[in-house]
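Hi,

Here is the structure I promised to pass on.

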Amino acid sequence: MTDESTGSTESATAGDETDPSPQRRRLRLLLSVAAVVLLVDVVTKVLAVKLLTPQQPVSIIGDTVTWTLVRNSGAAFSMGTSYTWVLTLVAIGVVIGIIWMGRRLVSPWWALGLGMILGGALGNLVDRFFRSPGPLRGHVVDFLSIGWWPVFNVADPAVVGGAILLVALSLFGYDFDTEGRRQPDRASDTEGRRQPDRASDAEGNRQPEGPEKTTAGQATEADTERD
């Protein structure tokens, strides 16, 4: 018995070591997605700066889709161009918040959405800190133009797409700290459905004792008369 117990304990310990907790797996997924988005964003920006001339579009599909190199002092899709340092501080706060939330993540879909936002925010923060005109005021490199839409980079659709995914998950009942859809509150459901009263139910099912006693008394009197 001792050897079997020891063996089972060792196997359980080994299983715990090889099978990390859901929070750790989701954090790894979040960081992996963020790293991919960040890498693609940085590489494409470097290539755009090296190969494209500012304000000289290069056609991809006619005039509808072009490579167009611009420097953006605003947020995603060239919004808020007069608040560069404010947007930088907001992006830093977003990164800190996502990292803090990532430690409690259980849902893989939330990990995907938060990873997209984190990677995009870090990609644009790299430009804010290391590109001219200086730290916290650096202009972000944008290089892809589609129709009437403002010129953007890889980080912009990653941030917007991740935010849309998180909103959709919340609307459909998927929380970041649980797997699957949110379950209804059992306590409120129990209170909403009135349970039958056991005492009244027992009284309703109680059999009358009068007829039984009358039948027993009649049988006793018949036996006495026979005797």
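**What I found**

Let me start with Asp156, which lies in helix α5 (residues 155-171); helices (H or I, at least four residues) and strands (E, at least two) are DSSP runs, numbered from the N terminus. Before going further, note that this is a predicted model, where local features need pLDDT of at least 70, side-chain atom pairs count only at pLDDT 80 or more, and totals for chains, interfaces and linings use all residues. Residues are numbered from 1 along each chain as its sequence is written, and side-chain values use heavy atoms, with hydrogens and water left out.

Back to Asp156: this residue is buried yet has no salt bridge, and the nearest side chain of opposite charge, Lys45, is 6.8 Å away. Some cut-offs for that: buried means under 20% relative accessible area, exposed over 50%, and partly exposed in between (1.4 Å probe, protein chains only). A salt bridge is a side-chain nitrogen of Lys or Arg within 4 Å of a carboxyl oxygen of Asp or Glu. For charge, Lys and Arg count as positive and Asp and Glu as negative, while His and the chain ends are not counted. What the side chain of Asp156 does have is a polar contact with the side chain of Asn124, at 3.4 Å. A polar contact is a pair of N or O atoms within 3.5 Å; within protein, one must be able to donate a hydrogen and the other to accept it, and residues adjacent in sequence count only if both atoms are side-chain atoms.

**The charged network**

The structure holds three salt bridges. Lys45 pairs with Asp41, with the closest N and O atoms 2.9 Å apart. These two are four residues apart in helix α2 (residues 22-51), so about one helical turn separates them. Asp41 is buried at 0% relative accessibility, and Lys45 is buried as well, with a relative accessible area of 1%. Lys45 also meets Asp127 in a salt bridge (3.0 Å, N to O). Because Lys45 lies in helix α2 and Asp127 in helix α4, that pair ties together parts that are 82 residues apart in sequence. Asp127 counts as buried too, at 3% relative accessibility, and forms a salt bridge with Arg131, with the closest N and O atoms 2.9 Å apart. Through shared partners, salt bridges join Asp41, Lys45, Asp127 and Arg131 into one network.

Val37 is found in helix α2 and is buried at 12% relative accessibility. The C-alpha atoms of Val37 and Ala121 are separated by 9.6 Å, although the residues are 84 apart along the chain.

**Helix α4 and what follows**

Helix α4 (residues 108-130) has 23 residues and reaches 33 Å from its first C-alpha to its last, close to the 33 Å expected at 1.5 Å a residue. That expected span is 1.5 Å times one less than the number of residues. Ser107 caps the N-terminal end of α4, with a side-chain oxygen 3.4 Å from the backbone nitrogen of Trp109. In the loop between α4 and β3 (140-146) sits Pro133, and the peptide bond from Ser132 to Pro133 is cis, with omega near 15°.

**A nonpolar patch**

Trp85, Val86, Leu89, Val90, Val94, Phe129, Phe130 and Leu136 make a nonpolar surface patch of about 740 Å². Patches are made of residues with over 30% relative accessible area and no salt bridge: like charges are joined within 9 Å, nonpolar side chains (Val, Leu, Ile, Met, Phe, Trp, Tyr) within 5 Å. Accessible areas come from the Shrake-Rupley method with a 1.4 Å probe, and for residues only the protein chains shown count as cover. α3 (84-102) and α4 each supply at least two residues, and α3 gives the most, with five. Leu89, in helix α3, is partly exposed at 45% relative accessibility.

Asn72 is in strand β2 (residues 65-72), is buried at 4% relative accessibility, and makes a side-chain polar contact with the side chain of Asp142 (3.3 Å). Gln55, in the loop between α2 and β1 (58-61), has a positive phi near 60° without being a glycine, and is exposed, with a relative accessible area of 58%.

Overall, there are eight helices and three strands, and 28% of the 227 residues count as buried.

Cheers
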